[in-house]
Amino acid sequence: MIDLHTHILPGLDDGARDWEEALDMARLALADGITTVVATPHLFRQRVVGDFNPPELILERVEQLRTRLAEAGLDLRVAAGCEVPLTYEAMRLLDEGRLLSLNNANRYVCLEMPDTAIPLATQELIFQFSAKGLTPIITHPERNPVFAEMPDKLMSLLRLGCLTQITAGSLTGAFGRRVARFAKQLLTKGYVQIMASDAHNSHRRPPLLKAALQKLTAIVGESRAWDMVAATPQKILNGEPVF
Ligand SMILES: [Fe+2]
């Protein structure tokens with residue numbers, strides 16, 4: 001399995017506390033059947049606008065993690081990425097070529113919607129990604145209260161060509177029953193292409209997919225469930241179309 005969305009790199013956001021925790025997360029992922037993790041730190045450190053993680057820093061941290069994994073004898077592949085909030089500041093960085101796409105392949109980018117409101121200019125901002133040849137992957141829409149209240153808002157983003165990634169923990173109850181129900185609805189309607197852990201640490205939000213994969217299989221069937229944790233994430237890392 002490929003875990004397309006994790007906060008395994010230490011010192012960049014609210015993810016792994018230090019290298020020790022990053023290695024603990026790697027061990028958990030491997031034991032769960034994950035062969036590749038994609039490190040997707042938040043674009044802005046501590047979500048403070050202005051203090052951002054530039055591509056070269058994320059790539060350097062990924063190299064450091066690879067070295068440490070090799071030293072520890074852990075055969076886990078790591079790819080680089082970034083979780084981008086839909087804000088004008090992020091769009092400015094996009095214009096300047098300062099946003100890291102998934103696996104640096106210039107084809108997909110993880111996009112996080114604000115929890116409280118969907119910006120009026122969302123459509124325009126999504127077009128700006130498209131103009132650069134980037135397809136946004138909306139991260140965990142099932143956890144967004146605005147989408148839960150107004151699913152049409154999500155539908156309009158999907159019509160613009162966005163993909164969606166649900167969080168594994170949403171299916172196993174980690175975010176409550178309402179989120180689990182909404183995740184199931186989205187899956188049943190065929191609105192989801194990827195499941196990832198969005199792991200932040202080794203204890204409360206670990207990089208695990210296997211238990212959720214069982215739930216996912218029960219909802220969408222074995223073939224589609226596997227696609228969401230293996231074939232589709234691989235295409236995304238390769239920069240290939242997913243459909
Ligand atoms: Fe995340």
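**Helix packing, sheet and loops**

Modeller: Let us begin with a pair of helices: helix 9 and helix 10 pack with their axes 7 Å apart, at an angle of about 135°. This is a predicted model, in which local features need pLDDT of at least 70 and side-chain atom pairs count only at pLDDT 80 or more, while totals for chains, interfaces and linings use all residues. Residues are numbered from 1 along each chain as its sequence is written. Helices (H or I, at least four residues) and strands (E, at least two) are DSSP runs, numbered from the N terminus.

Colleague: How are two packed helices described?

Modeller: The description consists of the angle between their axes and the distance between the axes. Axes are lines fitted to C-alpha atoms, for helices over the stretch in contact, and angles run from 0 to 180 degrees between N-to-C directions. Angles under 35 degrees count as roughly parallel, over 145 as roughly antiparallel, 65 to 115 as roughly perpendicular and the rest as oblique. Helix 9 and helix 10 are therefore oblique to each other. The contact (C-beta atoms, placed from the backbone, within 7 Å) is made by L213, L216, T217 and V220 of helix 9 with E222, R224, A225, M228 and V229 of helix 10.

Colleague: Which residues of helix 9 are buried?

Modeller: A residue is buried if 20 or more other C-beta atoms lie within 10 Å of its own, exposed if 12 or fewer, and partly exposed in between, with C-beta atoms placed from the backbone. In helix 9 (residues 210–220), the buried residues are A212, L213, K215 and L216. They lie on the same side of helix 9 because they cover an arc of only 165° around the axis, the arc being that of the directions from the helix axis to the C-beta atoms. Exposed Q214 and A218 sit on the face turned away from that buried side. The cover over the buried residues includes helix 7 (168–171), strand 8 (194–196) and helix 10 (222–238). Just after helix 9, G221 has a positive phi of about 90°.

Colleague: What is the strand order of the open sheet?

Modeller: Two strands pair if DSSP finds at least two bridges between them. The open sheet here has three strands in the order 1-2-3, with parallel pairing. Strand 1 (2–6) and strand 3 (77–80) stand at the edges with a single partner strand each, so one side of each has no neighbour in the sheet. From one strand to the next, the twist averages 25°. Strand 1 and strand 2 are joined by three bridges, and T6 stands opposite A39 in strand 2. Helix 10 packs on the sheet, touching strand 1 and strand 3, and its direction makes about 65° with that of strand 1. Helix 2 lies across strand 2 and strand 3, running at about 175° to strand 3.

Colleague: Where does N103 lie, and what should I note about its phi?

Modeller: Most residues other than glycine have a negative phi. N103, in the loop between helix 3 (88–95) and strand 5 (108–112), has a positive phi near 60°. N104 is found in that loop as well, and its phi is also positive, near 55°. N103 counts as partly exposed because it has 19 C-beta neighbours inside 10 Å; N104 is partly exposed with 17.

Note on methods:
Two residues are in contact if their C-beta atoms, placed from the backbone, lie within 7 Å.
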